[in-house]
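Here is a short briefing to read alongside the structure. Start with the view below, then take the points by topic.

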Amino acid sequence: MANPAELRYLFFLGCTIPYRVLSYEVSARKIAEKLGLRLVEMPEFNCCGLPLDPINHEMMLALSARNLCLAEQQGLPIMTLCNGCAGTLRKVNRALKEDKEARARVNGYLKEIGMEFKGTTEVKHLIQVLADDVGPERIRGIVKKPFKNLRVAQHYGCHLLRPSKEMGFDNPEDPVVLKKLIGLTGARCLDYADETQCCGATVSGINSEIPLQLVREKLQHVRDAGAQALITICPSCHLTFDFNQPRMERSLGEKFDTPVLHYPQLLALAADVNTNELALEEHKVNVLEKISLFC
Amino acid sequence: MEKRDSSAETVKPVKVNPHFRHEVMDFPGGKTLKTCFQCGTCTSSCPVARFSSSYRPRQILQMAQLGLKERVLSNEALWLCAACFTCTDRCPQGVEVASVLRTLRNMAVAEGFIPEAYRALASTVLETGYAYKITGLRLKKREELGLPSLPKANLLDMAKLAEVTKFLKVAERGGKSS
């Protein structure tokens, strides 16, 4: 285990969280404080670039690299809460470190804004920080009220795992890291059909029907497994399963009422953090009504 | 006698561009189009294809290999890829399917085919530095929840990067909507 005094990160917030998923940020900051992680605010950051990749790959690289340069200037590794940001920044960081031609090209763009990619930073998702840097022992140390009878399912999201050749984290067909982290809270994390299936968030601007179908299928599998809640680690997945759940229920005529919690909320509840400190009222599917499940 | 559909008798020539697949393969991320042998693992693994009647990644790659440039680049289904990378991970030939599809979308944009949602996104990033317009209400909510204020993005940097990567053209012109 790394010395907790050394656990400092440049906190990359991304766009989706300030746009609509403040509950994730609130709860992540709360557990970071409990675990003694120091999150340094990131000045003048911009979109990670991912949503622009379909339009212009070079602009995606440039935006991503600019964020990486900001981290290099601060001499800190980046921590993100979003799978999309983590995936993009990790992928670009790795590509620019390894591919000299791409690095020269992108540094040509960065020259226009007085920056240069040097390849001296690292990027981690919160889950990687918890699993690799913090470690299970320290997480167990903050769990004061482990869940006794809670059964949950996890949705990992795609961009932290795939393309696996580039991400090099966990097993993309049968990921276990999040399940182990959930286990530390005392909750039972159940297996269910098609666990790694995408939430479909990225196509919602083009076709709003397909993500709703994917949400329904996921929630059916989660319910069939006997889980009482779904745990996510990505703001876009969370929006798709929580924010869009009532819309899906109206549109497809099937009621689920499945609470969707961010992993930091689950951990914070097990750490006996007061329920009113976790922005649970921000969720579309009422969690507070079912809070007895989590006590 | 049954009325015959006269259009069915018209033979429409299919335009084939033999250089197209090389153009794709020369683009960053397009190289592996070459090794696709049309097994269909991508389509059978695709979460979107399960619920769409028009989106078939295998078919799009085949059209690209055959040189059906116009048909590929003007194809609305091209924009249904969710970028989950399941196809890329499972391809037995090592085709980076999602990256080839992204390459095709980049090429479609350069030809003027861009869905409105993406054109609006391009403008938002240049105007705010973020992928969404974050309203005053959300900023106020941050304060109420005790969160630090959101830093302002450097819009001058955004504009310069957009210029040098030729992204600016897309946001300004938008091309014709596909």
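What share of the 178 residues in chain B is buried? Buried residues account for 38% of them. Keep in mind that this is a predicted model.

**Fold of chain B**
- Chain B contains ten helices and zero strands.
- Read from the N terminus, its elements run α-α-α-α-α-α-α-α-α-α.
- The radius of gyration of chain B is 21 Å, while the globule rule gives 16 Å for 178 residues, so chain B is more spread out than a compact globule.
- Along the principal axes, the C-alpha atoms of chain B fill a box of roughly 70 × 40 × 35 Å.

**Contacts in chain B**
- Take the contacts between residues at least 6 apart in sequence: 70% of these join residues at least 24 apart.

**Domains of chain B**
- The domain assignment gives two entries for chain B: domain 1 covers 13–110, and domain 2 covers 116–173.
- The centres of domain 1 and domain 2 of chain B, taken over C-alpha atoms, are 30 Å apart.

**Helix H3 of chain A**
- H3(A) spans residues 57–74, which is 18 residues.
- From first C-alpha to last, H3(A) reaches 26 Å, close to the 26 Å expected at 1.5 Å a residue.
- Is H3(A) mostly covered or mostly exposed? H3(A) is mostly covered, with 16 of its 18 residues buried.

Note on methods: Residues are numbered from 1 along each chain as its sequence is written. Chains are lettered from A and ligands numbered from 1 in the order in which they are written. This is a predicted model: local features need pLDDT of at least 70, side-chain atom pairs count only at pLDDT 80 or more; totals for chains, interfaces and linings use all residues. Helices (H or I, at least four residues) and strands (E, at least two) are DSSP runs, numbered from the N terminus. The radius of gyration is taken over C-alpha atoms; the globule rule is 2.2 Å times the number of residues to the power 0.38. A residue is buried if 20 or more other C-beta atoms lie within 10 Å of its own, exposed if 12 or fewer, and partly exposed in between; C-beta atoms are placed from the backbone. Two residues are in contact if their C-beta atoms, placed from the backbone, lie within 7 Å. The expected span of a helix is 1.5 Å times one less than its number of residues. Domain bounds come from an automatic or database domain assignment.
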